[in-house]
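Hi everyone, thanks for coming. Let me put the structure up on the screen, and then I'll walk you through a few places in it.

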Amino acid sequence: MPEGPELHLASCYINTVCAGLIFSGKVEKSEVSKNPEVLFESDAYLISATSRGKEIKLTLMPLKEEKNTLPGRERGKEGQSQNGPQQPMDLVFRFGMSGSFKLTSGAELPKHAHLRFYTKESPRQALCFVDFRRFGRWEVHGTWQLDRGPCVMLEYEKFRENVLRNLCDKAFNKPICEALLNQKFFNGIGNYLRAEILYRLKIPPFEKARTVLEALQHRKQQSPDLTLSKKVKLKRENPDLLELCHAVPMEVIDMGGKGYGPEPSDDTAAFEEWLQCYCVPGMRSLRDGNGRTIWFQGEPGPMAPKGEKSRKRRSRVNADPEPSSPKVTKPVPKRSSKGSSSQEKVATRSGRKKGKELVPGAENAKGNKARKPNARSRRKASASQESPTSKTPAADRKRQASARRSTGTATVAPRSRRVKAE
């Protein structure tokens with residue numbers, strides 16, 4: 001996430017690449033951006049930038065008629081639009097998670113260029129506000145936010161006075177790692193800067209902020225007999241927290257690059273080498289009360305969140321872990337037909353499930369219960385009971401009757417007829 005040094009580098013980049021360029025026409029906004037339209041149009045205008053903490057201000061300045069001539073250009077009615085003279089406009093940007101500015105060809109705009117300023121010359125160029133995560137914001141006719149304090153880089157004396165004068169504020173009841181992200185007092189400090197500052201001073205991140213800063217009010221004054229060079233040397237050798245809030249961001253600015261400089265080959269290799277604590281292997285980390293991760297070394301401090309376990313950053317090159325034993329899964333039996341499924345259900349009810357032993361007494365308890373046969377088994381039973389011999393033809397019955405009459409054997413009458421005869 002861009003912090004104070006990155007926005008300052010972006011302002012320097014804009015002033016460098018836009019020097020000598022004249023911009024013209026309307027300011028274009030992408031269709032997907034939810035930021036406000038920039039209703040600015042001029043035949044010729046200049047762009048300049050300045051930064052303050054985590055904010056950057058772009059000033060669009062129309063060229064007046066008497067000042068519209070640059071070396072190698074003719075005088076004309078530049079600086080006026082069709083609707084009359086265009087007034088200067090300030091746009092205040094906050095970069096969010098991924099904002100930056102790029103000067104590119106007008107025919108090859110970056111994919112996530114959400115605000116575009118076109119040059120007058122041909123072939124046209126475009127100064128683009130690029131933000132692929134779209135958390136960045138801009139304000140038309142904007143000013144510096146009133147709830148942000150002095151810049152830790154460019155207004156150090158005002159910044160220091162603002163902190164020490166307001167130590168009774170409730171913001172300093174919190175851990176020092178959370179207070180450092182409060183832009184009302186530490187305008188420009190972000191996540192990686194707070195980790196580096198606390199690490200250099202060996203201050204536990206969850207120490208109470210007021211406890212840490214009150215000691216600076218009673219700091220011993222330097223002897224007036226010391227020369228200026230000796231005073232500077234002592235400050236560098238023994239800086240306090242507020243001094244590092246100024247010095248550490250200035251180190252990043254002096255380093256340059258990080259993709260915010262004018263050179264397209266800028267990368268983050270030097271910055272990663274400069275980091276001593278933030279995301280460095282071997283350092284510990286915890287989430288603060290705002291859900292942000294703080295990196296540190298040693299004990300976290302008395303105000304560390306309870307129940308939260310610290311995580312240690314592992315090195316990128318790890319030993320090969322031991323191969324885990326493969327999981328053995330039992331094959332699921334395939335149900336071939338309805339009869340087999342019904343047999344499995346019957347076997348399960350009787351306690352004879354595959355892969356399990358019989359429970360003593362289960363066979364006697366469940367085996368005596370009558371089992372209701374299914375439709376298929378009933379059809380089989382009825383088919384097996386029907387045989388060709390059971391169906392006696394009518395001719396056979398007549399022969400049997402004639403045989404009985406010839407032998408004189410009396411036919412046994414039914415019970416009801418015998419009783420009636422008696």
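Predicted model: local features only at pLDDT ≥ 70, side-chain atom pairs only at ≥ 80, totals over all residues.

Now, back to Arg 134. Its phi is near 60°, which is a positive value in a residue other than glycine. As a reminder, most residues other than glycine have a negative phi. As for the surface, Arg 134 has a relative accessible area of 44%, so partly exposed is the label for it.

You'll find Lys 202 in the loop between H4 and helix H5, where H5 spans 209–217. Is Lys 202 buried or exposed? With a relative accessibility of 56%, Lys 202 counts as exposed.

While we're on backbone geometry, have a look at Pro 123. The peptide bond leading from Ser 122 into Pro 123 is cis, with omega near 0°. Most peptide bonds are trans, as you know. Pro 123 belongs to the loop between strand S9 (113–118) and strand S10 (125–130).

Let me zoom out for a moment. The protein chain contains 13 helices and 14 strands. It has 422 residues, and 36% of them count as buried. If we take contacts between residues at least 6 apart in sequence, 68% of those join residues at least 24 apart. The chain exposes about 27700 Å², and carbon and sulfur atoms supply 51% of that area.

Next, helix packing, starting with H4 and H7. Helix H4 runs over residues 191–201 and helix H7 over residues 241–255; their axes come within 10 Å and cross at roughly 125°. The crossing of H4 past H7 is right-handed. Which residues of H4 and H7 meet? From H4 we have Tyr 192, Leu 193, Glu 196, Ile 197, Leu 198, Arg 200 and Leu 201, and they meet Leu 241, Leu 244, Cys 245, Val 248, Pro 249, Glu 251 and Val 252 in H7. Sorted by class, this contact of H4 with H7 has 11 nonpolar residues, 3 charged ones and no polar ones.

H7 also packs with H2. Here the angle is about 145° and the axes are 10 Å apart. The crossing of H2 and H7 is right-handed. On the H2 side the contact is made by Tyr 156, Phe 159, Arg 160, Val 163 and Leu 164, and on the H7 side by Leu 242, Glu 243, Cys 245 and His 246. By class, that contact of H2 with H7 comes to 6 nonpolar, 1 polar and 2 charged residues.

Let's follow the chain on from H2. Leu 167 is placed in the loop between helix H2 (156–165) and helix H3 (176–179). Why do we call Leu 167 buried? Because its relative accessible area is 6%, and buried means under 20%. Setting aside neighbours within four places in sequence, Leu 167 is in contact with Phe 172, Arg 210, Leu 213, Glu 214 and Gln 217. Take Gln 217 from that list: it is 50 residues from Leu 167 in sequence, yet their C-alpha atoms are 9.9 Å apart in space.

Pro 205 is my next stop, in the loop between H4 and H5. This proline is buried, with a relative accessible area of 2%. Beyond its neighbours within four places in sequence, Pro 205 is in contact with Pro 175, Ile 176, Cys 177, Leu 198, Ile 294, Phe 296, Glu 299 and Pro 300. Pro 205 and Asp 288 are 83 residues apart along the chain, and their C-alpha atoms are separated by 9.2 Å.

One last residue, and then I'll stop. Thr 268 lies in the loop between H7 and helix H8, which covers 269–274. At 35% relative accessibility, Thr 268 counts as partly exposed. From Thr 268 to Gly 257 is 11 residues in sequence and 7.2 Å in space, C-alpha to C-alpha.

How values were computed: Residues numbered from 1 in each chain as written. Heavy atoms only, no water. Axes fitted to C-alpha atoms, helices over the stretch in contact; angles between N-to-C directions. Helix = DSSP H or I, 4+ residues; strand = E, 2+ residues; numbered from the N terminus. Left-handed = near helix turned anticlockwise from the far one by under 90°. Contact = heavy atoms within 4.5 Å. Nonpolar A, V, L, I, M, F, W, Y, C, P; charged D, E, K, R; others polar. Buried < 20%, exposed > 50% of the residue type's maximum accessible area, 1.4 Å probe, protein only. Areas by Shrake-Rupley, 256 points an atom, 1.4 Å probe, with all protein chains shown as cover.
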